[in-house]
Amino acid sequence: MSTGSYRQRNGQDPAHWLPRDHRCAYAALHVQAKATYRLAVDQAEKTALAGVLRGC
């Protein structure tokens, strides 16, 4: 993720922000990190990630 993308993200989860490019890779890495560290995923985040990954 570029510095500009990181600044745009501003700590928002995928329910509120996704990069314009490489969405599939971003979503996959996000899911992997959440699973690895057993982090919670709320319904809005889950819906956003599932929507991206269905299109990959």
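**Loop between helix 2 and helix 3.** I started at Arg-38, which sits in the loop between helix 2 and helix 3; helices here are DSSP runs of H or I with at least four residues, strands are E runs of at least two, and both are numbered from the N terminus. Arg-38 has a positive phi of about 50 degrees although it is not a glycine. I noted that because most residues other than glycine have a negative phi. Arg-38 is also exposed, at a relative accessible area of 78% (buried is under 20%, exposed over 50%, partly exposed in between, with a 1.4 Å probe and protein chains only).

**Ground rules.** This is a predicted model, so I kept in mind that local features need pLDDT of at least 70 and side-chain atom pairs count only at pLDDT 80 or more, while totals for chains, interfaces and linings use all residues. Residues are numbered from 1 along each chain as its sequence is written, and side-chain values use heavy atoms, with hydrogens and water left out.

**Another positive phi.** I then looked at His-22, in the loop between helix 1 (3-9) and helix 2. Its phi is positive too, near 60 degrees. His-22 is exposed, with 67% relative accessible area.

**Whole chain.** I counted three helices and zero strands, which reads as α-α-α along the sequence. Of the 56 residues, 25% are buried. The accessible surface comes to about 4,300 Å², and carbon and sulfur atoms own 52% of that (Shrake-Rupley method, 1.4 Å probe; for residues, only the protein chains shown count as cover). I also checked contacts, meaning heavy atoms within 4.5 Å. Among contacts with a separation of 6 or more, 45% are between residues 24 or more positions apart.

**Disulfide.** How many disulfides does a search of the whole structure find? I got one, taking a disulfide as a pair of cysteine sulfur atoms within 2.5 Å. The partners are Cys-24 and Cys-56, with sulfur atoms 2.0 Å apart. Cys-24 is in helix 2 (residues 23-36) and Cys-56 in the segment after helix 3 (43-54), so the pair ties together parts that are 32 residues apart in sequence. The torsion about the S-S bond is about -105 degrees, so I logged the disulfide as left-handed. Cys-24 is partly exposed at 31% relative accessibility, while Cys-56 is exposed at 52%.

**Salt bridge.** I found one salt bridge, the rule being a side-chain nitrogen of Lys or Arg within 4 Å of a carboxyl oxygen of Asp or Glu. Lys-34 and Glu-45 form it, with their closest N and O atoms 3.4 Å apart. Lys-34 belongs to helix 2 and Glu-45 to helix 3, so this pair ties together parts that are 11 residues apart in sequence. Buried or exposed, I wondered about Glu-45? Glu-45 is buried, at 3% relative accessible area, and Lys-34 counts as buried at 17%.

**His-30.** Next I clicked on His-30 in helix 2. His-30 is buried, with 15% relative accessibility. Leaving out residues up to four places away in sequence, His-30 touches Pro-14, Glu-45 and Leu-49.

**Nonpolar core.** Last, I listed the largest nonpolar core: six residues, namely Trp-17, Leu-18, Tyr-26, Ala-27, Leu-49 and Val-52. A core here is a set of buried Ala, Val, Leu, Ile, Met, Phe, Trp, Tyr and Cys residues joined through side-chain atoms within 4.5 Å. Helix 2 and helix 3 are the elements giving two or more residues to this core. In soluble globular proteins, nonpolar side chains tend to be buried together.
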